[in-house]
Amino acid sequence: MPPDSSNPKPKLKLAVYWGAACGGCCVSVLDTHEKLLDIVAAADLVFWPIAMDIKYKDVEAMPDKSIDVTLFNGAIRNSENKHIAQLLRSKTKILVAYGSCAYMGGIPGLANFTDREGIFRRVYEESESTLNPDKVRPQTETMVKEGKLEIPEMFNDVYTLNQVVDVDYFIPGCPPQSERLIEVFTAIATGAELPPKGSVVGANEKTNCDECKRKKSDNKVIKKFYRPWEIQDDKETCFLEQGVICMGPATRGGCGVRCVSGNSPCRGCYGPPATASDPGAKMMSAIGTMIDADTPEEIDKIIDTIVDPAGLFYRFSLPSSILGRKII
Amino acid sequence: MNFRPKIVAFLCNWCAYTGADLAGTSRMRYAPNIRIIRVMCSGRIEPTFILSAFQQGADGVLVCGCHPGDCHYQTGNYKCLRRFKLIEKYIAQMGIEPERLKLEWISASEGKQFAELVNEMTKDILNVGPSKIKSSLEVKHLKS
């Protein structure tokens, strides 16, 4: 979408920020390849830590609501993430939770299976390679002779962006497919009518199964669950029918069924479909009926072949799930 | 502390709810800690129902359906059992005490068994104490 030079419309101001994230979401913006040139033709990137040297104080100096769109990726894990989320919220017109971590907590959200104390104890005391006889823990403030050093405070829980600030739109994915980003960005840049606030954009309403090309029958029965490496995939039958847990039934389509097309079961990064709030509960509901046994003992035996149901069903969504975290 | 457990019970229309009704019409005395939600079949009970009950402050969740082989819809209670077993494993991983979630089969004639079941479950939950699920979630929300 090259800009029309006769159009005096000012360029959009775009910001991209990472909270608790791996950096993959920022790379997915680069993965738009030559289309990135169209994006920078239509928008000025005013803040993007992975690519540009702009300091927080520069963002603080911007007028309120002066950024048109912010793509915020990553979960909220510490006080720095929270501070910048709030700062960008006040500076931005359209705040987008970009990627699974900002949307649902993502992989960092798995830390909600433990708490800060558990993590610190493991990392700073118990880990096999740690030598820390004085049991030193990170301090938010340290006095050195040059002055006071500060680092952000790590929270007990991992939060989604929406649990910390108001979010306008959600783009799921780990990372989101670049094609979807271009579609969404084009819609914003061309002034197309936007969906209601709080919508999940850049993804479908229905599940991945709806788009999946693998052969499916109505008679899904499972005698034993296999982990993907335990079985020779026939490359054409529904993974679930082969006994491999595929998150397809509880996952929103929109990625183009990329994992299954690559002969790997869906892991659920696009989050629950529009009709379900909690992907793990949806998955337990779907899988439960497939278990081919009628007595509690036999059912238990089959369920025991699912090694870690909580981690598997909530791989990307623990902080946004109904329970939200492990009760400690 | 005067702890009165709140137990949310999902009862199927055909057996369990009729059984609970029998306990009532027979004027049996049992613990008043239960809040009954009638569903058409135990196979209708989604994991979301159970998890939402816990999230909204239930100290326990009771699921009752027809005895195996007696389901009004033939196989609903088996589907319920399979899902229940999965949720049991899930909530154990989430640090929720096993006493808080129970599945029992109650027929339409088992009013007495239903009353005893409620008494027993109330006692178990009194021993375990109030659920921490709701308060653990309340500290989550940072939005000011």
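Residues are numbered from 1 along each chain as its sequence is written, and chains are lettered from A and ligands numbered from 1 in the order in which they are written. Because the model is predicted, local features need pLDDT of at least 70 and side-chain atom pairs count only at pLDDT 80 or more, while totals for chains, interfaces and linings use all residues.

Student: Which helix gives the most to the side of chain B that touches chain A?
Tutor: The contact (C-beta atoms, placed from the backbone, within 7 Å) takes 29 residues from each of chain B and chain A. H2, H3 (76–93) and H5 (133–138) of chain B each supply at least two residues of that side; helices (H or I, at least four residues) and strands (E, at least two) are DSSP runs, numbered from the N terminus. With 11 residues, the helix that gives the most is H3(B).

Student: How are H9(A) and H2(B) placed relative to each other: roughly parallel, roughly antiparallel, roughly perpendicular or oblique?
Tutor: H9 (279–288) of chain A and H2 (47–55) of chain B have axes 8 Å apart and pack at an angle of about 140°; axes are lines fitted to C-alpha atoms, for helices over the stretch in contact, and angles run from 0 to 180 degrees between N-to-C directions. Angles under 35 degrees count as roughly parallel, over 145 as roughly antiparallel, 65 to 115 as roughly perpendicular and the rest as oblique. The pair H9(A) and H2(B) is therefore oblique.

Student: Which residues of H2(B) make the contact with H9(A)?
Tutor: From H9(A) come A:Ala281, A:Met284 and A:Ser285. From H2(B) come B:Pro47, B:Thr48 and B:Leu51.

Student: What is the order of the strands in the open sheet of chain B?
Tutor: Strands pair if DSSP finds at least two bridges between them. The edge strands, each pairing on one side only, are E2 (34–39) and E4 (101–105) of chain B. E1 (7–12) and E3 (60–65) of chain B pair in the parallel sense over 5 bridges. The order of the 4 strands is E2-E1-E3-E4.

Student: Which residue in E3(B) does B:Val8 stand opposite?
Tutor: With B:Cys12 and B:Val63, it touches the most other members of the largest nonpolar core, which has 78 residues. A nonpolar core is a set of buried Ala, Val, Leu, Ile, Met, Phe, Trp, Tyr and Cys residues joined through C-beta atoms within 7 Å. The residue opposite B:Val8 is B:Val61.

Student: Which strands stand at the edges of the 6-stranded open sheet of chain A?
Tutor: The order is E2-E1-E3-E5-E9-E10, with parallel pairing. Each edge strand has a single partner strand, so one side of each is left without a neighbour in the sheet. The edge strands are E2 (43–47) and E10 (199–200) of chain A.

Student: Is A:Lys65 buried or exposed?
Tutor: A:Lys65 is found in the loop between H3 (56–60) and E3 (67–73) of chain A, and A:Lys91, A:Thr92 and A:Lys93 are in contact with A:Lys65, leaving aside its neighbours within four places in sequence. A residue is buried if 20 or more other C-beta atoms, placed from the backbone, lie within 10 Å of its own, exposed if 12 or fewer, and partly exposed in between. With 12 such atoms, A:Lys65 is exposed.

Notes:
Two residues are in contact if their C-beta atoms, placed from the backbone, lie within 7 Å.
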